[in-house]
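Dear colleague,

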Amino acid sequence: MHVLVAGGAGYIGSHTAKALARAGHTPVVYDSFEKGHRWATRWGPVVEGDLADRARLLRAFRDYPIEGVIDFAAYIAVGESMRDPEMYFRNNVANTLTLLGAMREAGVRRIVFSSTAAVYGTPDRSPIPEDHPLRPDSVYGDSKLMVERILGWFDQAHGIVSAKLRYFNASGADPDGETGEDHDPETHLIPLALAAADGKIPHLSLFGTDYPTVDGTAVRDYIHVADLASAHLLALDYLIRTGQSLTANLGTGQGYTVRQVIHAVERVTGHKVPVIEAPRRAGDPVELVADPARARQTLNWTPTHSSIEEIVATAWAWYQRRPSQNA
Ligand code: UFG
């Protein structure tokens with residue numbers, strides 16, 4: 001099967017392209033390379049194009065017998081989204097609408113969409129099931145929720161079925177070391193803690209030590225990117241098998257505090273992480289942990305790489321060999 005992977009040169013997209021190829025499919029990576037990396041595209045044909053470019057998308061749909069789309073192409077920085085809503089709504093919502101319009105015109109009727117735990121906002125219970133109220137606190141989270149809603153209408157109006165996958169904290173790297181995380185600027189906890197352990201940055205700022213948790217720091221559900229990738233293949237299979245749309249959380253159901261993650265980084269690297277305790281970061285909820293029962297039941301999905309040790313060990317291995325460190 002040929003699958004168009006929009007944003008396939010990015011972090012989760014490249015792992016999913018590899019998983020598709022391994023399963024015998026052809027990932028056709030569609031990426032503007034504004035954020036994506038050439039080194040992350042080694043598992044199939046590459047089409048350089050923007051999501052806003054309907055003609056380019058239609059050409060890709062003509063050039064390859066695409067049976068489904070997996071869409072990772074989006075801006076992901078919560079803080080930046082609050083400073084520039086137009087940029088986020090244009091890229092994440094308007095451009096995804098262009099993709100959907102091109103799919104409709106080309107007769108491609110299945111899409112797996114990258115959504116996020118940020119659609120829940122500050123949750124009123126934990127773990128969070130999919131039917132929890134949707135009250136995003138950020139422009140980023142709302143941009144993803146808007147697309148979820150658009151997808152619902154496209155199913156009803158055009159029979160385009162969709163899997164909306166709400167990721168919790170994507171982390172770790174390809175266990176074979178062929179791809180991994182490389183954001184610029186980096187804002188995520190694990191790569192920054194690794195950089196601090198390695199002495200590349202002077203310290204890690206620990207945002208908030210007065211949360212009502214076991215050690216005062218915020219709790220997150222870290223899910224290995226290879227487990228996310230396998231969920232996308234199962235979701236595509238589900239769309240083909242059932243012809244029904246789906247919304248599912250992707251997390252482990254197990255939370256770790258920021259301090260617990262820092263300790264894991266110290267154990268794996270053998271280096272101390274210099275930490276400066278800082279105030280809470282605006283918009284950070286105290287705890288975000290998935291109820292992953294639906295993905296387990298409907299997709300038969302079980303994370304197999306998501307122990308905190310494997311997440312940190314694969315991230316550390318990647319950190320030491322990632323191409324941009326020599327740039
Ligand atoms: N943290 C620090 N110091 C840092 C970076 C992070 O203490 O330098 C803390 C954060 O405050 C948070 C935890 O580490 O408590 C995890 O932070 P990340 O930035 O790694 O991840 P987030 O939980 O903020 O963000 C993730 C996804 C977003 C998504 C969000 C949902 O990366 O795309 O979950 O709220 F929107």
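Predicted model: local features only at pLDDT ≥ 70, side-chain atom pairs only at ≥ 80, totals over all residues.

The protein is divided into domain 1, made up of residues 2-170 and 222-250, and domain 2, made up of residues 189-220 and 253-326. The centres of the two domains, taken over C-alpha atoms, are separated by 24 Å, and 27 residues of domain 1 are in contact with 29 residues of domain 2.

The size of an interface is often given as the accessible area lost when the parts come together. Here domain 1 and domain 2 bury about 2400 Å² between them, with 66% of that area on carbon and sulfur atoms. On the side of domain 1, Tyr 222, His 224 and Asp 227 lose the most area to domain 2, and together they account for 31% of what that side buries.

As for polar interactions, eleven residue pairs are in polar contact between the two domains, and the count of salt bridges between them is one. The elements that give two or more residues to the side of domain 1 touching domain 2 are β10 (222-224), α7 (225-242) and β11 (246-250), and α7 provides the largest share, eight residues. The residues of that side divide into 16 nonpolar, eight polar and three charged.

Finally, in helix α2 (residues 54-63), Arg 56, Leu 57, Leu 58, Ala 60 and Phe 61 are buried, and the buried residues of α2 pack against the strands β1, β2, β3 and β4 as well as against α4 (85-106).

With best wishes

Note on methods. Residues numbered from 1 in each chain as written. Heavy atoms only, no water. Buried < 20%, exposed > 50% of the residue type's maximum accessible area, 1.4 Å probe, protein only. Helix = DSSP H or I, 4+ residues; strand = E, 2+ residues; numbered from the N terminus. Contact = heavy atoms within 4.5 Å. Domains from an automatic or database assignment. Buried area = accessible area lost by both parts, 1.4 Å probe. Salt bridge = Lys/Arg side-chain N within 4 Å of Asp/Glu carboxyl O. Polar contact = N/O pair within 3.5 Å; in protein donor to acceptor, adjacent residues only side chain to side chain. Nonpolar A, V, L, I, M, F, W, Y, C, P; charged D, E, K, R; others polar.
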